[in-house]
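Let's take a friendly walk through a protein model, one feature at a time. Keep the structure open beside you as you read.

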Amino acid sequence: MVVVGAGFGGLFATKSLRKAPVDVTLINSTAYHLFQPLLYQVATGILSEGEIAPPIREILRRQGNVDVRLGTVTGIDATARTVTVEAPGIDYTVGYDTLIVAAGASQSYFGNDGYADHAPGMKSIDDALELRARIFGAFELADLQPDPADAERWLTFVVVGAGPTGVEMAGQIAELAHRNLPGQYRHIDPRRARVILVDALDAVLNTFGDHLSTRALRRLHLLGVEVELETRVVGVDATGIEVETKRGRRRIESMTKMWAAGVAAPPLATRLAEATGAATDRAGRLRVNPDCSLPGHPEIYAVGDMMSLDALPGVAQVAIQSGRYVAGQIKRRLDGREPGPPFKYFDKGSMATISRFSAVASVGRVRVSGFLGWLMWLAVHLLYLVGFKNRVTAVLHWAVSFLGRGRSERVSTFQQAYARTAVREYGNPFDRYTTNRSSDPS
């Protein structure tokens, strides 16, 4: 078996096959499993990257039937049943009898990929570290500006997208400005910072229902976040953002922008669709059978954000449940039993934090906000953090940040802030090394 991706779907599928008579090759583009819902806390200095990204080999160290390999799957031959993988400095091929594709989702800029240079998304550790460098660096550079207009530009933060990630980011930046940083700068007052949350829809957290959406909006206003709804982004550059509203077009001067407005299937979904003839939806996700397999290819499964089935949302629980379901189907087949019933998602609810001690939670018919919602959020996220050590250190850092006024992880570097640009300008260093070595006559 080959499992592509060690996010929630791939990891839980692999762990569910622990006692099955199979050899599993788990291929992932990084050496760690990422707990993506807490990326915004890395970006705002609450948690370190290690606390939300434990090593895959450590997680699976007691599972003897797994071979963990680093690399990005770039091609699939459905006829030969092989996957082609690229890793730094080396390419290789792995054969499979059964394939589970769980490569997650990528950030969508709705056809404006150039925005990424000036408004990073929130899909990877690299994104979070870049944003952390930009956010804390903005306060440092604002403190150096002799012109008040330049200082104001550095102290204006724009978050695009009012879903859970955008709301959480806006709330935490506002807390930084109004609670954690005042008194630490000689030439600026961090409380003058503007945090602007922009969304083209007419509500924040629109999937949570009117009641919780209104509660969240009220709490954001109390934090000092400026919420601009029914506002569409039409341009992003180094020093600002262009938006269009019912009143017309205008510009917001800002040096620090972040994008949390949309997701799309990764490029692997397109390659797999081409290799198998599978259809995709508007977001590029693979349309699968009720058992999560690809039409005409019962040996290939797509789970989590890769699959399009029954209009399911792209959330962690869908990935976890579909990964476990597919593993169960494979075990039934190995045991010679009939396939189980179609995959049915059990909605365990949605949660989003707004600020310390304040969150909203929608679980079935129950709608909770405020401190009780925050306690529910805390319990659920501790439950799904992988590893006892990570849970303990996360609790300690939450205590520092939420009970005190400190942020444990404020270290950021120039390299983190601009590495994306460097990689684009200079390319993959392993590719250059290989090219130089092959052209060396000696």
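Start with Phe157, whose bridge partner in strand 15 is Thr256. Keep in mind that you are looking at a predicted model. The two strands behind this contact are strand 9 (residues 156-160) and strand 15, which pair in the parallel sense over 4 bridges. Now look at the two faces of strand 15 (residues 256-259): Thr256 and Met258 lie on one side, Lys257 and Trp259 on the other, and all of them are buried. Both faces of this strand are therefore covered, because buried means under 20% relative accessible area.

Next, find a pair that runs in the antiparallel sense: strand 12 (residues 232-237) and strand 13 (residues 240-245), with 5 bridges between them. A hairpin of 2 residues links strand 12 to strand 13. To follow one of the bridges, go to Gly235 and look across to Glu242, its partner in strand 13.

How many salt bridges does the structure hold? There are 16 salt bridges. Take Arg251 and Glu253, whose closest N and O atoms are 2.8 Å apart in a salt bridge. Through shared partners, salt bridges join Asp150, Arg153, Asp237, Glu242, Arg249, Arg251 and Glu253 into one network. Arg251 is partly exposed, at 28% relative accessible area, and Glu253 is also partly exposed, at 33%.

Another salt bridge connects Glu130 and Arg134, again with 2.8 Å between the closest N and O atoms. These residues are 4 apart in helix 5 (residues 125-142), so about one helical turn separates them. Both Glu130 and Arg134 are buried. Compare Arg194 and Glu226, which meet in a salt bridge at 2.8 Å, N to O. Arg194 belongs to strand 10 (residues 194-198) and Glu226 to strand 11 (residues 225-228), so this pair ties together parts that are 32 residues apart in sequence.

Finally, let's visit the surface. Here Lys15, Arg18, Lys19, Arg324, Lys348 and Arg391 gather in a patch of positive charge. One of them, Arg324, sits in helix 10 (residues 316-334) and is partly exposed, with a relative accessible area of 42%. A nonpolar patch on the surface is formed by Phe371, Leu372 and Leu375, which together have about 280 Å² of accessible area. Leu375 is part of helix 11 (residues 371-384) and is partly exposed, with a relative accessible area of 36%.

How values were computed: Residues numbered from 1 in each chain as written. Predicted model: local features only at pLDDT ≥ 70, side-chain atom pairs only at ≥ 80, totals over all residues. Heavy atoms only, no water. Patch = residues over 30% accessible without salt bridge, like charges linked within 9 Å, V, L, I, M, F, W, Y side chains within 5 Å. Areas by Shrake-Rupley, 256 points an atom, 1.4 Å probe, with all protein chains shown as cover. Salt bridge = Lys/Arg side-chain N within 4 Å of Asp/Glu carboxyl O. Lys, Arg positive; Asp, Glu negative; His and termini not counted. Charge placed at Lys NZ, Arg CZ, Asp CG, Glu CD. Buried < 20%, exposed > 50% of the residue type's maximum accessible area, 1.4 Å probe, protein only. Pairing = 2+ DSSP bridges.
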